[in-house]
Amino acid sequence: MRVIPGTHTWEQQEMKANTQVQNVLVSEVDPALVDESKAVDLILKSGDVSVHHRNVIHGSKANHSPLRRCGLTIRYIPISTRIKAPNWPCTFLLRGDAVPGINHYVEVDHMFFNGKGNWI
């Protein structure tokens, strides 16, 4: 993973569509904000976790290996926060009671990740 140090102090940057280069999110921050000369590589081994501020500009170079590379983003928010993104996937209520009319949460009794990209 690569990060641009200090960008955690910036305002959150708007993501813009980018279909010119294959990437998971089909988006990018304004390339003018990304000074590659300041980028720092964080080498993560299999099973390692990176915990960082949401505003840190980060990404990775293309994976040319035959091995799968996987990422998972988890965001904890108060139940009073309205999620405005349409069709936001996988919003789970982990604790507390939902505030009526704020968000729709996925109903979960027992859900486990099978390690092959599927929730079971």
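Guide: What follows begins with the chain as a whole and then turns to the charged side chains.

The model is a predicted one, and the protein in it has 5 strands and 0 helices, so that, read from the N terminus, its elements run β-β-β-β-β. Of its 120 residues, 12% count as buried, and the protein exposes about 10700 Å², of which carbon and sulfur atoms supply 55%.

In one of them Arg2 pairs with Glu36, and the closest N and O atoms are 2.6 Å apart. This pair links distant parts of the chain, since Arg2 belongs to strand β1 (residues 2-3) while Glu36 sits in the loop between β3 (27-28) and β4 (40-41), 34 residues apart. A salt bridge also joins the side chains of Asp41 and Arg2, with 2.7 Å from N to O. Here the partners lie in two strands, Asp41 in β4 and Arg2 in β1, and so the pair ties together parts that are 39 residues apart in sequence. Taken together, Arg2, Glu36 and Asp41 are linked in a network of salt bridges.

The surroundings of these three residues can be described by their accessibility. Arg2 has a relative accessible area of 16% and is therefore counted as buried, the cut-off for that class being under 20%. Glu36, at 47% relative accessibility, counts as partly exposed, and Asp41, with a relative accessible area of 46%, is likewise partly exposed.

For a view of another stretch of the chain, one may turn to Ile77, which is placed in the segment after β5 (58-59). Ile77 counts as partly exposed because its relative accessibility is 45%, a value that lies between the limits of 20% and 50% used for that class. The C-alpha atom of Ile77 is separated by 9.8 Å from that of Leu93, a residue 16 positions away along the chain.

Key:
Residues are numbered from 1 along each chain as its sequence is written. This is a predicted model: local features need pLDDT of at least 70, side-chain atom pairs count only at pLDDT 80 or more; totals for chains, interfaces and linings use all residues. Side-chain values use heavy atoms; hydrogens and water are left out. Helices (H or I, at least four residues) and strands (E, at least two) are DSSP runs, numbered from the N terminus. Buried means under 20% relative accessible area, exposed over 50%, partly exposed in between (1.4 Å probe, protein chains only). Accessible areas come from the Shrake-Rupley method with a 1.4 Å probe; for residues, only the protein chains shown count as cover. A salt bridge is a side-chain nitrogen of Lys or Arg within 4 Å of a carboxyl oxygen of Asp or Glu.
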